[in-house]
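Trainee: I would like to go through this structure slowly, from confidence to sheet to core. Could you guide me?

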Amino acid sequence: KGATEKVCDKLYKNGIDKIGIVISERGGEVKRSGDLILDGYEEFCKKNGLDKKVIEAGYKEIESVIKKIKEEKDIKGWIIGNIMVSKEILKRGIEGNFVLYTEVPVDYPNNVIFPFIEYGRKGFEVIERLINGESENIKIKLKPEIRSKGGDR
């Protein structure tokens, strides 16, 4: 959530005032990474009085998502919080002002490396702690790495 707010702030400070976001399906009762990415985006929009443009994408809907992104002429910058869509943008060489959430470092001007392997490890750690009788209110924090042009972090 915090990483997405920081990314939005940076884009906004660089003159990008119409920001859209692509996330994977929401988790419902269980918060997933897409929910947290969306929470950060919504908080940023509310704080700055900006309209939201959210595209929710399942893994089988990538073609339609790419089409929607290309058709949306009003959005000046996109945060791609869906790893599969990020991979497609890289693979196809789609031009645009994107911040890509990825699971591995990539040679791209703006990206957020989300440590999914560590996320999985922490998930198993939480399960073990629950099995051992610990409270159900266990919180974990992972720190994504934010990269942008010029090597800023």
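Trainee: In which strand is confidence highest in the chain?

Mentor: Since this is a predicted model, we begin with its pLDDT, which averages 83 over the chain, with 93% of the residues scoring at least 70. Confidence is lowest in strand β6 (residues 145–147), at a mean of 75, whereas the highest mean, 91, belongs to strand β3 (residues 77–80).

Trainee: Which strands are at the edges of the sheet?

Mentor: The open sheet has six strands with mixed pairing, and they follow the order β2-β1-β3-β4-β5-β6. Within it, β4 and strand β5 (residues 111–113) pair in the parallel sense over three bridges. An edge strand pairs on one side only, and that describes β2 (54–57) and β6.

Trainee: Which element gives the most residues to the largest nonpolar core?

Mentor: This core has 18 residues, and those touching the most other members are Leu-11, Ile-19, Ile-21, Tyr-41 and Ile-79. At least two residues each come from α1 (2–13), β1 (19–24), α2 (33–48) and β4 (98–102). With five residues, the element that gives the most is α2.

Trainee: How many residues are in the other core?

Mentor: It lies apart from the largest one, and its members include Ile-62, Val-65, Ile-66 and Tyr-108. The number of residues in this other core is 16.

Methods. Residues are numbered from 1 along each chain as its sequence is written. This is a predicted model: local features need pLDDT of at least 70, side-chain atom pairs count only at pLDDT 80 or more; totals for chains, interfaces and linings use all residues. Side-chain values use heavy atoms; hydrogens and water are left out. A nonpolar core is a set of buried Ala, Val, Leu, Ile, Met, Phe, Trp, Tyr and Cys residues joined through side-chain atoms within 4.5 Å. Buried means under 20% relative accessible area, exposed over 50%, partly exposed in between (1.4 Å probe, protein chains only). Helices (H or I, at least four residues) and strands (E, at least two) are DSSP runs, numbered from the N terminus. pLDDT is the predictor's confidence in each residue, from 0 to 100. Two strands pair if DSSP finds at least two bridges between them.
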